[in-house]
Amino acid sequence: AKRAARKEEKAAIARLKAIGNDSYGRGGGNLIDIVATMRQHATSEEVQLLGATELYERSKSKPEGKLIGRSGAIATILDSMKNHRKSANLHLVCCKLIRNLASCMGHNGKALVKYSAFSLLCDTMERHQEEIGIQARGCAALASLADESTRTNETLFDKPRVLGCIVGAVS
């Protein structure tokens with residue numbers, strides 16, 4: 001059983017790598033495959049890192065970022081961070097991804113808040129205090145989320161905790 005699970009995981013990794021190498025395949029179908037693969041192999045850190053990296057690359061385009069948010073990927077990304085708390089590499093990619101998704105406004109910002117992105121980002125920054133990249137990208141992600149909160153005239157986060165994370169990152 002363990003051997004079969006590892007074989008499935010290797011196939012998932014190969015599929016994600018193929019999607020990442022397919023410069024013409026940036027359509028919604030591949031996006032759904034990425035998210036489904038991440039969900040199916042939630043315990044595989046390698047699958048999560050490859051999936052999050054591909055989503056991050058796509059999120060650099062605002063239209064793609066909006067599509068990522070609408071695909072249900074936000075919950076998957078945040079679950080990935082919760083399930084792999086010790087993976088600094090995964091958390092770094094996810095912080096960059098969250099920042100991009102939050103800057104798309106609208107649905108993404110609301111979904112990120114709904115799934116507790118503020119507290120998860122603070123947890124990540126507190127856990128990986130020695131990782132400069134996580135501190136910088138975490139601050140950027142928190143700023144993008146806070147900006148969305150300000151735009152909608154809502155206080156959607158615990159200001160003292162978020163400010164404490166930012167102060168901790170720069171001190």
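With which residue does arginine 58 form a salt bridge? I found that the partner is glutamate 54, and the closest N and O atoms of the pair are 3.0 Å apart. I kept in mind that this is a predicted model.

**Entry: the pair in helix 3**

I checked where the two partners sit. Arginine 58 and glutamate 54 both belong to helix 3 and are four residues apart, about one turn of the helix. Next I looked at their cover. Arginine 58 has a relative accessible area of 2%, so I noted it as buried. Glutamate 54 comes out at 6%, so I wrote it down as buried too.

**Entry: helix 3 as a whole**

I then stepped back to the helix itself. Helix 3 covers residues 45–59, which makes 15 residues. From its first C-alpha to its last I read 20 Å, close to the 21 Å expected at 1.5 Å a residue. I also listed its buried residues: Val47, Gln48, Gly51, Ala52, Glu54, Leu55, Tyr56, Arg58 and Ser59.

**Entry: other salt bridges**

How many salt bridges does a search of the whole structure find? The count I got is five. I followed up some of them.

Lysine 60 and glutamate 57 meet through their side chains in a salt bridge, at 3.0 Å from N to O. Glutamate 57 has a relative accessible area of 36%, so I marked it partly exposed.

Aspartate 79 pairs with lysine 82, and here the closest N and O atoms are 3.9 Å apart. That still counts, because the cut-off for a salt bridge is within 4 Å. Both aspartate 79 and lysine 82 lie in helix 5, three residues apart, about one turn of the helix. Aspartate 79 is partly exposed because its relative accessibility is 38%. Lysine 82, at 35%, is partly exposed as well.

**Entry: helix 5**

Is helix 5 mostly covered or mostly open? I found it mostly covered, with eight of its 11 residues (73–83) buried. The buried ones are Ala73, Ile74, Ala75, Thr76, Ile77, Leu78, Ser80 and Met81.

**Entry: a patch of charge**

On the surface I came across a patch of positive charge. Lys62, Lys66, Arg70, Arg99 and Lys110 gather there. Which helix gives the largest share of the positive patch? My notes say helix 4 (residues 62–70), with three residues. I picked out arginine 70, which lies in helix 4. Its relative accessibility is 60%, so arginine 70 counts as exposed.

**Entry: two loop residues**

I finished with the loops. Threonine 43 has its place in the loop between helix 2 (28–40) and helix 3. At 75% relative accessibility, threonine 43 is exposed, because exposed means over 50%. I also looked at how threonine 43 lies relative to glutamate 9: the two are 34 residues apart along the chain, and their C-alpha atoms are separated by 9.8 Å.

Where is serine 116 found? I located serine 116 in the loop between helix 7 (107–114) and helix 8 (117–127). Its phi is near 65°, a positive value in a residue other than glycine. With 38% relative accessibility, serine 116 went into my list as partly exposed.

Terms used
Residues numbered from 1 in each chain as written. Predicted model: local features only at pLDDT ≥ 70, side-chain atom pairs only at ≥ 80, totals over all residues. Heavy atoms only, no water. Patch = residues over 30% accessible without salt bridge, like charges linked within 9 Å, V, L, I, M, F, W, Y side chains within 5 Å. Areas by Shrake-Rupley, 256 points an atom, 1.4 Å probe, with all protein chains shown as cover. Lys, Arg positive; Asp, Glu negative; His and termini not counted. Charge placed at Lys NZ, Arg CZ, Asp CG, Glu CD. Buried < 20%, exposed > 50% of the residue type's maximum accessible area, 1.4 Å probe, protein only. Expected span 1.5 Å × (residues − 1).
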